[in-house]
Amino acid sequence: MTQVTALAKSSATARRGPGRSQRAIALNLVAVAVGLLVWTLLATIGVQGLPGPLQVAARAGELIADGTLLGDALASLRRVLLGFLLGTLLAVPIGFLMGWYATARGLLEPYVQFFRTIPPLAIIPLAIVLLGIGEVPKVFVIFLASFLSSVVATFQGVVDVDKTLINAARVLGASDRTIFLKVVVPASTPFILVGMRVGLGSAWGTLVAAELIAAQEGLGFRMQQAQLYYDLSTIFVGLIAIGVLGLVMDRLLLLAERRLTDWQERR
């Protein structure tokens, strides 16, 4: 049986092997090239003073040379990572509690669903009044965006576990603790990781607004300052930096998802 399982896994790996991966990379490169071409054409015909790729690259070089871009990127990355990690670490256990215990679900779900309908950006005025204008309110707003996405995904993952698996484990004499650790947690892992990816996107999406709160550095702060002087090149540099950092973090989460859910069949 072990040999059959190993063979099935290797066969699945072969089906989605290097050829498919290389094709995906080639398509990604084509998409980037087409995007740059369209951007260049739009800048050439003078769409609302849109800067071209070369102009933005030159501005990025200036910001890198004087250390501004690195300092802003590190400041924003620190806020996003802190808010995202705190949100995820709190969301996963709460999601498991809500999914596994009906009492916890009844007590917590109204609050989760209530705050989920409120955009995190709407919390900014309250965060400033209650938490001041330091780093805490910035991280809190990002934390809230990450938390709400992850807690719902974890909860849904636990609720959607195949009841047949749970009943089969009970028939075999497994305790509730064993069922939870050996059946529910592995089956919920794909949902949790998807929730983390959504939460990461929400964290980066909230960053610019969070850095409205009396920030002195950060990609969002730099973009807002550039807006005052109609410095579109700097705004584009900030947008691209946020996109690249977010993409790298998302790819890392996707890699972790594939490693942790290798047992899943994929298309």
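First, the ground rules. This is a predicted model, in which local features need pLDDT of at least 70 and side-chain atom pairs count only at pLDDT 80 or more, while totals for chains, interfaces and linings use all residues. Residues are numbered from 1 along each chain as its sequence is written, and side-chain values use heavy atoms, with hydrogens and water left out.

Let me begin with the cores. By nonpolar core I mean a set of buried Ala, Val, Leu, Ile, Met, Phe, Trp, Tyr and Cys residues joined through side-chain atoms within 4.5 Å. Buried is under 20% relative accessible area, exposed is over 50%, and partly exposed is in between, with a 1.4 Å probe and protein chains only. The largest nonpolar core has 35 residues, and Val80, Phe96, Val184, Leu200 and Trp204 have the most contacts inside it. At least two residues of this core come from each of α3, α4, α7, α8, α9, α10 and α11. Helices here are DSSP runs of H or I with at least four residues, numbered from the N terminus. The largest share of the core is that of α9, with 12 residues.

Take Leu200 as an example. Setting aside residues up to four places away in sequence, Leu200 touches Val80, Phe84, Gly246, Met249, Asp250 and Leu253, where contact means heavy atoms within 4.5 Å. There is also a second, separate core of 11 residues, including Ile94, Met98, Val112 and Leu144.

Next, helix α10, residues 219-228. Which of its residues are buried? They are Leu219, Gly220, Phe221, Met223, Gln224 and Ala226. Their cover includes α4, α9 and α11. After α10 comes Tyr230, with a positive phi near 55°.

Now the rings. Rings of Phe, Tyr and Trp (its six-membered ring) pair if their centres lie within 6.5 Å; planes under 30 degrees apart count as stacked, over 60 as edge-to-face and the rest as tilted. The structure holds 6 aromatic pairs. Phe143 and Phe147 are a stacked pair, because their ring centres are 5.8 Å apart and their planes are at 25°. Both lie in helix α7, 4 residues apart, about one turn of the helix. Phe143 is buried at 15% relative accessible area, and Phe147 is buried at 11%. Elsewhere, Phe96, Trp100 and Phe180 form one aromatic cluster.

Ser233 lies in helix α11 and is buried, with a relative accessible area of 8%. Beyond its neighbours up to four places away, Ser233 touches Pro51, Gln55, Val56 and Arg59. Thr206, in helix α9, is buried at 6%. Outside four places in sequence, Thr206 is in contact with Pro120, Leu121, Val141 and Ala145. Thr206 and Ala122 are 84 residues apart in sequence and 11 Å apart in space, C-alpha to C-alpha.

Last, the surface. Val30, Val34, Val38, Leu42, Ile45 and Val47 make a nonpolar patch of about 500 Å². Patch residues have over 30% relative accessible area and no salt bridge, with nonpolar side chains joined within 5 Å and like charges within 9 Å; a salt bridge is a side-chain nitrogen of Lys or Arg within 4 Å of a carboxyl oxygen of Asp or Glu. Val47 sits in the loop between α2 and α3 and is partly exposed, at 36%.

Technical notes:
Accessible areas come from the Shrake-Rupley method with a 1.4 Å probe; for residues, only the protein chains shown count as cover.
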